[in-house]
Amino acid sequence: MIMDIENINKIINNLHENEFDAMVLAEIENINYISDYHPTSFGIAILKEDSIVFAGAMDLELANKTSLIEVKEFKSLKQITDLFEKENFKKIAIEETLPFNLYSKLKGNYEFHLTNVLDNFRMIKSREELLKIEKATNIAHNSFKQLAIRDKIEKGFSEWEVSYELGYLMRENGAQEESFETIVATGANSSLPHSRVSQKQLEFPTLIDWGCKYQDYCSDSTRTIIKTEKQEEIFNIVFEAYNKSIKAIKPGIKACEIDKIARDIIFEYGYGDKFIHSTGHSLGLNIHEKPTISKKDETILEKDMVITIEPGIYLEGNFGVRIEDSIHIKNKANVLGSLKPII
């Protein structure tokens, strides 16, 4: 169970404190978060005193078996607008991700306002959520160990073959699916932070960014396997940024301050313009959640947030290096998983 009735009531009370009559949820992960029902396609939930989730006919049995809140069959959007009119709603909260076409069809004699109420609740993970993220991480790490990647490189396997095998191993070890499309980027491909898997034969370095879901919760890790002296030089810079930013993590520090620590180290070595993404992000039901560990995010980190730390250096047309782990914030950083950064 992700959520319980007591915590649902806390969210509803927070909505009321912000003078909202209700909140419309259409993002699958948000519906899952507040109801324990995971739509397989389309669904809408209305958070209010007596919350309702509307499920399509194909999902109705699943919703009735799993949802913590009342379930009704979705037939048309008029059901939703009629409900708003009947309950005389004046001010309704909506997600930032609500599709415009859905928003335009739901408009009526009431005001819609974007809110981050639910995002704020989702930033702090419950004990059950933490256990699921940790389990997903352990599955991913144990699968990577089984992969024996250095042997694969020496034997000339392709990016595609390694990506496929790692996905298979994670599923065999208990994952429901991959968190995202596994990245296997070798040689010059590794200078692309989000390289697409190809039939290219593995060489050094090989960068692998992978993760899996366990009971809907994500893991996210990256390792770069190196060989040459130049690759080791870049790896050591990234490793220093990785280590020092993790050591600085504690409740009360701002997300942007952690990003600055990693970024300053890479800048001091002369590669500041080669670190071309944020230092990390939160994860949970989504692979990317709030907060981000970035220059502009001033969110104050709190206990039981889970964030990634993933500094990188990318030398265009040559190679790239990234190291990434997920961190459970306690009184200090607790690195999840059992896989060492150096492979």
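Predicted model: local features only at pLDDT ≥ 70, side-chain atom pairs only at ≥ 80, totals over all residues.
So, helix 2: Glu29, Asn30, Ile31, Asn32, Tyr33, Ile34 and Ser35 are its buried residues, where buried means under 20% relative accessible area, exposed means over 50%, and partly exposed is in between, with a 1.4 Å probe and protein chains only as cover. The helix runs over residues 28-35, and seven of its eight residues are buried, so it is mostly covered. When I say helix or strand, I mean DSSP runs: H or I over at least four residues for helices, E over at least two for strands, numbered from the N terminus.

Residues are numbered from 1 along each chain as its sequence is written, and side-chain values use heavy atoms, with hydrogens and water left out.

Three strands make an open sheet in the order 8-9-12, with antiparallel pairing; two strands pair if DSSP finds at least two bridges between them. At the edges sit strand 8 (183-186) and strand 12 (221-225), each pairing on one side only. On average, neighbouring strands here are turned by 10 degrees against each other, direction ignored. Strand 9, residues 206-210, pairs with strand 12 over five bridges, in the antiparallel sense. If you want a spot to look at, find Leu207, which stands opposite Thr224 in strand 12.

What packs on this sheet? Helix 9, residues 159-172, does, touching strand 8 and strand 9, and contact here means heavy atoms within 4.5 Å. The direction of helix 9 makes about 150 degrees with that of strand 8; axes are lines fitted to C-alpha atoms, for helices over the stretch in contact, and angles run from 0 to 180 degrees between N-to-C directions.

Tyr168 is in helix 9 too, and at 46% relative accessibility it counts as partly exposed. Together with Trp160 and Tyr164, Tyr168 forms a nonpolar patch on the surface, with about 390 Å² of accessible area in total. Residues three or four places apart point the same way in an α-helix, because there are 3.6 residues a turn. For a patch, residues need over 30% relative accessible area and no salt bridge, with nonpolar side chains (Val, Leu, Ile, Met, Phe, Trp, Tyr) joined within 5 Å and like charges within 9 Å. A salt bridge is a side-chain nitrogen of Lys or Arg within 4 Å of a carboxyl oxygen of Asp or Glu, and the areas are Shrake-Rupley with a 1.4 Å probe, where for residues only the protein chains shown count as cover.

Next, Glu324. Buried or exposed? Glu324 counts as buried, because its relative accessibility is 0%. Glu324 sits in the loop between strand 17 (319-322) and strand 18 (325-329). Leaving out residues up to four places away in sequence, Glu324 touches a list of residues including Asp209, Arg223 and His281.

Most peptide bonds are trans, and most residues other than glycine have a negative phi. The bond from Phe204 to Pro205 is cis, with omega near -5 degrees, and Pro205 lies in the loop between strand 8 and strand 9. Lys290 to Pro291 is cis as well, with omega near 0 degrees; Pro291 is in strand 14, residues 289-293. Glu19 isn't a glycine, yet has a positive phi of about 65 degrees, and Glu19 is exposed, at 60% relative accessible area.
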